[in-house]
Amino acid sequence: MEFLMFVCTDTEPDTDTTNPPDIEAWAEEGERRGIRKQGDQLVPKAEARTVRVRSGELLVTDGPFAETKEWIAGYDLLECKDLDEAVDYASRHPMARFGRIEVRAIQPWEG
Amino acid sequence: MEYLMLVCTDSEPEPGMTGPEGIEEWLAEGERRGIRKQGHRLRPPEDATTLRVRGGKLLITDGPFAETKEWIAGYDLLDCADLDEAIEYASRHPMAQAGRLELRPYWPNEF
């Protein structure tokens, strides 16, 4: 099963500073296990542009699609056998502690 | 430049536009021009799982990373000459009318 992982900020990050997590070790583990297909960090939300077309007119606004306290800082595409495996791997991403992570399964068009 | 395009719903769509009708043409154009690398529809937000780790404990909640009227229904990875080209291509996605699209440039360096 494929999952998209949204790597998000959080207004209340972990206060536990022991065992600082390591993004490189996380990415290496994903590669070794063949469960992380791709992923990237994004430029902060101030650079986001939201695009709509209404009555034939193009409307472009600065900022993300919705105003939220938390915002998406990156993403990863995972290939895991089930949600449990995806959650387990995502839970070791550094931003599970410094932010929050949303895991969402990909929906095939046929489905 | 690479962009993550988030395909989102909108509480005020173009009248008569309900979903991604005509998506095939948009996909074919992206392939022909070599500017759409990948993309998927996602499972609905009620199937999302959000996780955080605080004080060494894994906290799992149902639903997306933030509660919003609009929600992310899918994504595409674009490789365009610049933001103008990304906006121009995004504006012809059916969800530019039926919803809204967020464009986010990739962080310039690999982490």
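This is a predicted model: local features need pLDDT of at least 70, side-chain atom pairs count only at pLDDT 80 or more; totals for chains, interfaces and linings use all residues.
Residues are numbered from 1 along each chain as its sequence is written, while chains are lettered from A and ligands numbered from 1 in the order in which they are written.

**The core.** A:Ile101 belongs to the largest nonpolar core, which has 49 residues. A:Met5, A:Phe6, A:Ala90, A:Ile101, B:Met5, B:Leu6 and B:Leu101 touch the most other members. Such a core is a set of buried Ala, Val, Leu, Ile, Met, Phe, Trp, Tyr and Cys residues joined through C-beta atoms within 7 Å. Buried means 20 or more other C-beta atoms within 10 Å of the residue's own; exposed means 12 or fewer, and partly exposed lies in between. In soluble globular proteins, nonpolar side chains tend to be buried together.

**Chain B.** Chain B has three helices and six strands. Their order from the N terminus is β-α-β-β-β-β-α-α-β. Helices (H or I, at least four residues) and strands (E, at least two) are DSSP runs, numbered from the N terminus. The C-alpha trace of chain B spans about 50 × 40 × 20 Å along its principal axes. Of its 111 residues, 40% are buried. Among contacts in chain B with a separation of 6 or more, 77% join residues 24 or more positions apart.

B:Leu4 sits in strand β1 of chain B. B:Leu4 is buried, because 22 other C-beta atoms lie within 10 Å. Its C-alpha atom is 7.0 Å from that of B:Tyr75, 71 residues apart along the chain. Beyond four places in sequence, B:Leu4 is in contact with A:Leu42, A:Tyr75, B:Tyr75, B:Leu77 and B:Arg104.

Helix α2 of chain B (residues 83-90) has B:Ala86, B:Tyr89 and B:Ala90 as its buried residues. They lie on the same side of α2(B), because they cover an arc of only 100° around the axis, taken from the directions from the helix axis to the C-beta atoms. These buried residues pack against β3 (49-54) of chain A, and against β1 (2-9), α1 (23-33), β5 (72-79), α3 (94-98) and β6 (99-105) of chain B.

**Strand pairing.** Two strands pair if DSSP finds at least two bridges between them.

| Strand pair | Sense | Bridges |
|---|---|---|
| β1(B) and β6(B) | antiparallel | seven |
| β3(A) and β6(B) | antiparallel | three |
| β6(A) and β2(B) | antiparallel | two |

B:Tyr3 has B:Pro105 as its bridge partner in β6(B). A:Val51 stands opposite B:Leu101 in β6(B). A:Gln107 has B:Arg41 as its bridge partner in β2(B). Seven of the seven residues of β6(B) are buried, so this strand is largely enclosed by the rest of the structure.

Notes. Two residues are in contact if their C-beta atoms, placed from the backbone, lie within 7 Å.
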